[in-house]
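Here is my note on the model, point by point. Please read it with the coordinates open.

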Amino acid sequence: MFHAKPLILLSTIAVLTTTACTSPTGELGPRTKNGVVTGAAIGGILGAVTGNGNKLGRAAVGAAIGAGIGGAIGSELDKQARELEQSIGNDQVQIVNTGEALVVTMPQDILFASGSSVVNGGLRGDLGALSRNLLNYPNSTVEVIGHTDNVGGADYNLSLSRDRANSVAQVLFANGVPSSRVITIGRGEDSPIASNLNATGRQQNRRVEIIIRPYN
């Protein structure tokens, strides 16, 4: 038989998960929903296994707290993404807010000449804008991941993707981003997002992804 206290706490969750990070119309922003849901789930698990008292009550409290934290992270990412979009102003650079991280995708064809790992001068301004954004939001880690298509040898592509990720990271460092926040990864041809059987797909696969993960 349920007690009144857990039921009240469950009601609190419902209120928090429908009011955290809402739009002016009262709807959850599409980019913050994942943060709220994920936070609630994690908080529920933590609440269920810690503290004293009724397990349902602990889960309810944990879920409520988690929903608030997740919603706050999602809202902060919304703000950061908007500012980044405005400062970069390049429609070839894709910025996606997953609710847990920002994924900035730069096609390698605009970053580098064919077979080169030297960053094109025209893209240094965009990477400078990204660096300033990262400095404005210091509570995050940054993964710079290089990807290639499958043209050429796998070992060559892996090495090229690593070199290109490192080159992008060096531009971030030159603009003041601490190296302690950044890791570089080369994936070569191992993580395609499109078919390598045609030119359009291969072009999509040649990219550098910059993943910004907040922590609190």
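1. A cut-off comes first: a residue is called buried when its relative accessible area is under 20%. Thr105 has 12% relative accessibility and therefore counts as buried. Keep in mind throughout that this is a predicted model.

2. Where does Thr105 sit? Its place is strand S2, which spans residues 102-107. Leaving aside residues up to four places away in sequence, Thr105 touches Gln92, Val93 and Gln94, and also Arg207, Val208 and Glu209. Ile210 is 105 residues away from Thr105 along the chain, yet their C-alpha atoms are separated by 6.4 Å.

3. Now the chain as a whole. It has seven helices and five strands. Read from the N terminus, the order is α-α-α-β-β-α-α-β-α-β-α-β. The chain has 216 residues, and 41% of them count as buried. Its accessible surface comes to about 11,200 Å². Carbon and sulfur atoms hold 56% of that surface.

4. Next, a helix pair. Helix H5 covers residues 121-136, and helix H6 covers residues 154-174. They pack at an angle of about 60°, and their axes are 9 Å apart. Angles of 65 to 115 degrees count as roughly perpendicular and those under 35 as roughly parallel, so this pair falls to the remaining class, oblique. The crossing of H5 and H6 is right-handed.

5. Which residues make this contact? H5 supplies Arg124, Leu127, Leu130, Ser131 and Leu134. H6 supplies Val168, Val171 and Leu172. By class, the contact of H5 with H6 has six nonpolar residues, one polar and one charged.

6. Asp126 also lies in helix H5. Is Asp126 buried or exposed? Its relative accessibility is 11%, so Asp126 counts as buried. Beyond residues up to four places away in sequence, Asp126 touches Ile88, Asn90 and Met106. Asp126 and Met106 are 20 residues apart along the chain, with 9.8 Å between their C-alpha atoms. A charged residue by class, Asp126 deserves a look in the viewer.

7. Two loop glycines come next. Gly99 lies between strand S1 (94-97) and S2. At 2% relative accessibility, Gly99 counts as buried. Asp78 is 21 residues from Gly99 along the chain, and their C-alpha atoms are separated by 8.3 Å.

8. Gly188 is the other loop glycine to check. It is found between strand S4 (182-186) and helix H7 (199-205). Gly188 counts as buried too, because its relative accessibility is 2%. What does Gly188 touch, residues up to four places away in sequence aside? The answer is Gly146, His147, Thr148, Asn157, Leu158 and Ser161. Asn150 is 38 residues from Gly188 in sequence and 8.1 Å from it in space, C-alpha to C-alpha.

Conventions:
Residues are numbered from 1 along each chain as its sequence is written. This is a predicted model: local features need pLDDT of at least 70, side-chain atom pairs count only at pLDDT 80 or more; totals for chains, interfaces and linings use all residues. Side-chain values use heavy atoms; hydrogens and water are left out. Axes are lines fitted to C-alpha atoms, for helices over the stretch in contact, and angles run from 0 to 180 degrees between N-to-C directions. Helices (H or I, at least four residues) and strands (E, at least two) are DSSP runs, numbered from the N terminus. Angles under 35 degrees count as roughly parallel, over 145 as roughly antiparallel, 65 to 115 as roughly perpendicular and the rest as oblique. A crossing is left-handed if the near helix is turned anticlockwise from the far one by less than a right angle, and right-handed if clockwise. Contact means heavy atoms within 4.5 Å. Buried means under 20% relative accessible area, exposed over 50%, partly exposed in between (1.4 Å probe, protein chains only). Accessible areas come from the Shrake-Rupley method with a 1.4 Å probe; for residues, only the protein chains shown count as cover.
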